[in-house]
Amino acid sequence: MENALLILIITISISTVLNVFLKKFDIPTVIGYVLAGFAISSIFHFAEDSKEMLSHLAEFGIVFLMFTIGLEFSVNHLKNMKQEVFVYGMLQVMLTGLLFTLLGSMVFGLDTKSAIVVGFALSLSSTAIVLKILNENNQIHSGYGRNTLGILLFQDLAVIPILLMVSFFTSESQSVSVLLLGTLGSAIVVFLVLFLIGKYLLEHFFRWVMSTGSEEIFLVAVLLIVMGASFLAHVFGFTYSLGAFIAGMTIAETKFRYRIETDLIPFRDILLGVFFVTIGMLIDWHSLINYVDIILGLLVGVMLIKGVLIFGILYFFVQKRTALKTALALFQVGEFSLAIFSLARTNDLISDELNQIMIITIVLSMILTPFVLKNIKKLADL
């Protein structure tokens, strides 16, 4: 407990000082949090259980982010985004994943299973950073904002089959068909339960809570809904954030959505800050020095290939400028890729060396993202 409290105090102290300094140069707070995490992991040596506690806490930053995004998009709104989610999103994940798989196998000599895992992990972008900045800039409802959100939502869904792929490659007991049927059944249950609760119970539940006249009880009730939906999704093998997003969409149909959004923003931003700190903690400076040439080459190559491919896919569907801005928003690799690489390493699908190189490459791509999104109009003009 003392270690956990100490790591929190040190984390908050370094993050605060760094962000106050960086804000004077108009550098996004995301960068300050990542640098704080890197400083903490390089200078202090905390026990693994303390770091794990921090990462569990940080995970709820993405949960609250996805919940507040869900509040912006009701079920009807999502129906209107079918093309962005299921056409643009599916094409992006499949084509990017297959291209990186081929490159991994043919250029870098990875075996087929490792190449598939690495390839599809690299197809994912950063939901946490991209949606946070789009929200701050009020661009989530713009043309490229809709495309970006649609693709990110499909990527969030794609995390489940990618993680299942790792299980397929290492499982010796269950067949592929059993795992697929189990996942499909789980998906139907999660969507049905959350949709039915949202449609028939939530409005009455919030009216009952509001009858107390207590702001505190209302906030606790909202937290219960967010965490309950996240836990339900997790129990059935999905990401916490997917459950939170569905819960947000169901609440978007009620008259309480604006009040809930206002109440939750402070929780979301604080926990997202902790999440970015844990991202910075993943950087091992020894690997950064030893493999700096490989990491920089991969960083430029991955971002360039991914950006060009996204632009190429959208070129046939939307205006060129919108396609370019979407490509610039999604050129990085995201936080869910880190989870996939962690699982792949645990199951010996990739080596420690490759894992660390990929982690640093991903984190650097995430660090560059806020600067690109901040100047996306100027870059598109150029």
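1. Helices here are DSSP runs of H or I with at least four residues, numbered from the N terminus. On that basis, and bearing in mind that the model is predicted, Lys-377 and Asp-381 are four residues apart in helix α19 and therefore separated by about one helical turn. These two residues form a salt bridge whose closest N and O atoms are 3.5 Å apart.

2. Asp-381 also forms a salt bridge with Arg-321, with the closest N and O atoms 2.9 Å apart, and this pair links distant parts of the chain, since Asp-381 lies in helix α19 (residues 376-381) and Arg-321 in helix α16 (residues 320-329), 60 residues apart. Lys-377 counts as exposed at 54% relative accessibility, whereas Asp-381, at 47%, counts as partly exposed, and Arg-321 is partly exposed with a relative accessible area of 34%.

3. Helix α5 (residues 82-106) packs with helix α8 (residues 143-170) at an angle of about 65°, their axes being 8 Å apart; α5 and α8 are therefore roughly perpendicular to each other, and their crossing is right-handed. The residues of this contact divide into ten nonpolar, five polar and two charged.

4. Arg-146 and Glu-84, which are among the residues that meet between α8 and α5, form a salt bridge with the closest N and O atoms 3.2 Å apart. Glu-84 counts as buried at 11% relative accessibility, while Arg-146 is partly exposed at 22%.

5. The search of the whole structure finds eight salt bridges, among them the pairs Arg-146 with Glu-84 and Asp-381 with Arg-321.

Note on methods. Residues numbered from 1 in each chain as written. Predicted model: local features only at pLDDT ≥ 70, side-chain atom pairs only at ≥ 80, totals over all residues. Heavy atoms only, no water. Axes fitted to C-alpha atoms, helices over the stretch in contact; angles between N-to-C directions. Helix = DSSP H or I, 4+ residues; strand = E, 2+ residues; numbered from the N terminus. Parallel < 35°, antiparallel > 145°, perpendicular 65-115°, else oblique. Left-handed = near helix turned anticlockwise from the far one by under 90°. Contact = heavy atoms within 4.5 Å. Nonpolar A, V, L, I, M, F, W, Y, C, P; charged D, E, K, R; others polar. Salt bridge = Lys/Arg side-chain N within 4 Å of Asp/Glu carboxyl O. Buried < 20%, exposed > 50% of the residue type's maximum accessible area, 1.4 Å probe, protein only.
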